[in-house]
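User: Please examine the model shown below and answer some questions on its fold, its surface and its charged pairs.

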Amino acid sequence: LLRNMPSTIDTDTSGMLSAIFGTVYVMAGVIITVVPLGLSAAVYLEEFADKEKWYVRLIELNIQNLAAVPSIVFGILGLAFIVRGPLNLGFVAYAGSLTLSLLVLPTVILTSREALRSVPPSIRQASMGLGATKWRTIWHQVLPSAVPGVVTGTILALSRAIGETAPLLLVGATVFVTYAPDGMFEGAYTVLPVQIFNWAVRPQEEFRILAAAGILVLMGVLLAMNSIAIWIRNKFAKEL
């Protein structure tokens, strides 16, 4: 199951190695995209933005509304603007990463803002009272204190992203791939939820058993990813 590629002929040797590689590439792209963007937006909105400006209120309203948009809408958006349109990346793994990043970005921004808001104002006041600039105060004092909350929000976002199927089907996560992608920017790819769906809809009982085993693999990948994030959160919490 973990070492072989999928097969529609021999169910005894059929595996999901290509889907595992595809999931790792897509989720790596989501992490390197959504964490810097989400955290930067949260820092700007919470620490620097003028809450009285109309465009700031418009941004905050859109962020809150985007958190409730169905995932298939982001898939259509990704097909129009990322796979085709202005970016024109094609059906590659990073196109799926950008689409999922748009999907979970509101969650990362909202949870990061809550984490920044939970840092006591006395920490900011003490740092600036000693002569530090606002940016140095945020970089050296506020952000390290907010890391546990930011990581918690990132865990929630990635947990949602790793199980999405509908938007990825629109942006190139093909149903049946018998080789691992060459990278995030080359080659066809598939992901674990799509591979599980492909096996679950087949009439043969053997493929349904493979689908159940694939669900266990997906849960294992999710638990491993979350365990690393929880370790990072606890490490920063102990240091604080």
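Analyst: Helices (H or I, at least four residues) and strands (E, at least two) are DSSP runs, numbered from the N terminus. This is a predicted model, in which local features need pLDDT of at least 70 and side-chain atom pairs count only at pLDDT 80 or more, whereas totals for chains, interfaces and linings use all residues. Residues are numbered from 1 along each chain as its sequence is written, and side-chain values use heavy atoms, with hydrogens and water left out.

User: Which pattern does the protein chain follow along the sequence?

Analyst: The protein chain holds nine helices and zero strands. Its C-alpha atoms fill a box of roughly 70 × 40 × 30 Å along the principal axes. Read along the sequence, the pattern is α-α-α-α-α-α-α-α-α.

User: How far apart are the end C-alpha atoms of residues 20-228?

Analyst: An unreviewed UniProt entry places the feature "domain: ABC transmembrane type-1" at residues 20-228; UniProt positions are given in the numbering used here, feature names are shortened, and annotations may be inferred rather than shown by experiment. Over residues 20-228 the chain is 74% helix and 0% strand. The end C-alpha atoms of this span are separated by 18 Å.

User: What is the distance between the end C-alpha atoms of residues 89-110?

Analyst: The unreviewed UniProt entry gives the annotation "transmembrane region" to residues 20-45, 66-83, 89-110 and 209-232. For residues 66-83, which are 78% helix and 0% strand, the end C-alpha atoms lie 21 Å apart. Residues 89-110 are 82% helix and 0% strand, and their end C-alpha atoms are separated by 28 Å.

User: Which helix gives the largest share of the nonpolar patch?

Analyst: Patches are made of residues with over 30% relative accessible area and no salt bridge, like charges being joined within 9 Å and nonpolar side chains (Val, Leu, Ile, Met, Phe, Trp, Tyr) within 5 Å. Tyr44, Phe48, Trp54, Tyr55, Leu58, Ile59, Leu61, Trp135 and Trp139 form such a nonpolar patch on the surface, with about 970 Å² of accessible area together (Shrake-Rupley method, 1.4 Å probe). The elements giving two or more residues to the nonpolar patch are helix H1 (17-48), helix H2 (54-66) and helix H6 (134-161). The largest share, five residues, comes from H2.

User: Is arginine 113 buried or exposed?

Analyst: Glutamate 46 forms a salt bridge (a side-chain nitrogen of Lys or Arg within 4 Å of a carboxyl oxygen of Asp or Glu) with arginine 113, the closest N and O atoms being 3.0 Å apart. The pair joins distant parts of the chain, with glutamate 46 in helix H1 and arginine 113 in helix H4 (residues 93-117), 67 residues apart. Buried means under 20% relative accessible area, exposed over 50%, and partly exposed in between (1.4 Å probe, protein chains only). Because its relative accessible area is 9%, arginine 113 is buried.
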